[in-house]
Amino acid sequence: MSHRPPSGLAAVSAALLAMNRHQDMGDVLTTIVASARELLDAEYAALGVPDDHGGFARFVVDGVSDEQWKAIGPLPRQHGILAAMLHEAKPQRLADVRRDPRFEGWPDAHPDMSDFLGLPIQDGDETIGALFLADKRSPGPTGSCGFTEEDEELLAILAQHAAIALTNARLHERSRELTIAEERSRLAHELHDAVSQKLFSLRLTAQAAAALVDRDPARAKGELQQVAALAGEAVDELRAAVVELRPAALEEDGLVATLRTQVQVLDRAHSARVTFESAGVRALPSAQEEAMLRVAQEALHNALRHSGAARVTVGLARHTAATVLLITDDGCGFDPHEIRRAGRHLGLVSMRHRAGGVGGRLTVESGPGRGTTIRMEVPCG
C-alpha cells in the first residue's frame, strides 16, 4: 500500500494546533518536526535551534531511528546549507543537496539524501531556528526537486507558527527559571528565619545548661530537655526544607506517587495530621504535573507554617474535563482581600502563575476561623 500524506485544511489546522498545545521546549520541537514531515510527505525532517558558538543548542530529527542517531555522532555545526538558512534567512529548495557547492558531506552513519527543502524560523529579524525536509516520498520528474513551490509555501506557514510556538516555549522556560530562583530565595529565608534561629537558641540553651550543671543540676536537667526539644524542631524544619529542595522524580514516579511520598514525610515531621487521597488520576503532561506538585508544596507550606491547622488534606482527582488538586486545612484561615491589600501574598501569586502557565486555574477559599481550601484544575488531554 502506497503512503498517502494528509491533505486539506483540516490536516494543516491539526498540525498548527499540535504545535501550540505544548509549552515544554522539547515537546514543541518534536511536534513541529513530526508535523512538517507528515504534511509534506518527506522521508526525513529536522529542526535546529542555534547557539552562540557555531553549533546547535537543540537539534531534533524525525525519520531517523534512535540507533541511527546515536551512530551519527555529535550534533552538526553551523555550516553548509544549515549555515545558509541561518545567516542568509532564505529558503533553500534543491533537487540534490549533494550537488550543491555548499554541501560539505555528512558522517558515515548519516542516511543518504537528495532533494531538500529548508526554511529559517524567524521571530522578527532574529533567526531562532532552521526547519528542513529531505527526500520527498512522491518524487517529481527526474532531475527536479520533489518538493514543489506549494510545499515551500506550506512549510513557510508552518515556520511562522513554529516561530510563535518556539517563542512561547522560550518564555515558558524563562518563567520557570525565574520561579525556581524565587523558590530558592524563599527557602533561603525559610532556613534563616526558622532553622538558624532554632540553632542559635539551641546554642544558648546548651551554654546555660553547662553553666548550671554544677550548682543547680535540676535546672540544668530542664535546660537539657529544652535542648532536645529545640534540636527536634530544627530537624523537622530541615526535613521539610529538603523535601522542597529535592522532590521525587516526577518522570519516574508520577504525580500521585510523588505527592503521596511528600505528604507522608510531612505527616511525620509535623504535629498536624497530613493525609493524601487520589481517585482516577492518569498521567499528565510533565509541565502540568510539575506545576501541580509545586502548587501543592506551596499550599502545604502555608498550611503547616502559618495556619495552626490540626488537619491538612491533599486530594487529587480526575473529573470529566479536568484534573483537580485540592489542599484543605482546618486552620485559622485568612481574608484573601486583606492579604492582598496588606501587600502579602502567601505564595498565591506564584501558585496562580503556575496554574495559568499550564492552561489551568487556581481558586482560593478562606476566611478568618474557617480554614483554607486551595483548588487547582488543569484540562484533561
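Hi everyone, let me start with one arginine: R137 is partly exposed, with 28% relative accessible area. Before I go on, please keep in mind that this is a predicted model.

So what does R137 pair with? R137 makes a salt bridge with D41, and their closest N and O atoms are 3.4 Å apart. The two partners sit in distant parts of the chain, 96 residues apart. R137 belongs to the loop between β5 and α5, while D41 belongs to the loop between α2 and β1. And is D41 buried or exposed? D41 counts as buried, because its relative accessibility is 3% and the cut-off for buried is under 20%.

Let me show you another one, between D62 and R37, with 3.0 Å from N to O.

Next comes R93, which forms a salt bridge with E152, the closest N and O atoms being 3.0 Å apart. R93 lies in strand β3, residues 92-94, and E152 lies in helix α5, 59 residues apart. R93 is partly exposed, with a relative accessible area of 34%. There is a network to look at as well: D96, R98, R99 and D112 are joined by salt bridges that share partners.

Now for the cysteines. How many disulfides does a search of the whole structure find? The answer is zero. If you want to look at individual cysteines, C145 is buried at 15% relative accessible area, and C332 counts as partly exposed at 41%.

Last stop, the largest pocket, which holds about 530 Å³ of space. Its lining has 29 residues, and the closest to the pocket centre are P76, L82, W106, H110 and F132. Which elements give two or more residues to that lining? They are β1, β2, α3, α4 and β5. By class, the lining has 22 nonpolar residues, five polar ones and two charged ones.

That's my tour, so let's open the structure and take your questions.

Notes. Residues numbered from 1 in each chain as written. Predicted model: local features only at pLDDT ≥ 70, side-chain atom pairs only at ≥ 80, totals over all residues. Heavy atoms only, no water. 1 Å grid on protein atoms, 1.4 Å probe; cavity = no way out; pocket = protein on both sides within 12 Å on 5 of 7 lines; lining within 4 Å. Points joined across faces, edges and corners; volume = space filled by probe spheres on them. Helix = DSSP H or I, 4+ residues; strand = E, 2+ residues; numbered from the N terminus. Nonpolar A, V, L, I, M, F, W, Y, C, P; charged D, E, K, R; others polar. Disulfide = S-S within 2.5 Å. Buried < 20%, exposed > 50% of the residue type's maximum accessible area, 1.4 Å probe, protein only. Salt bridge = Lys/Arg side-chain N within 4 Å of Asp/Glu carboxyl O.
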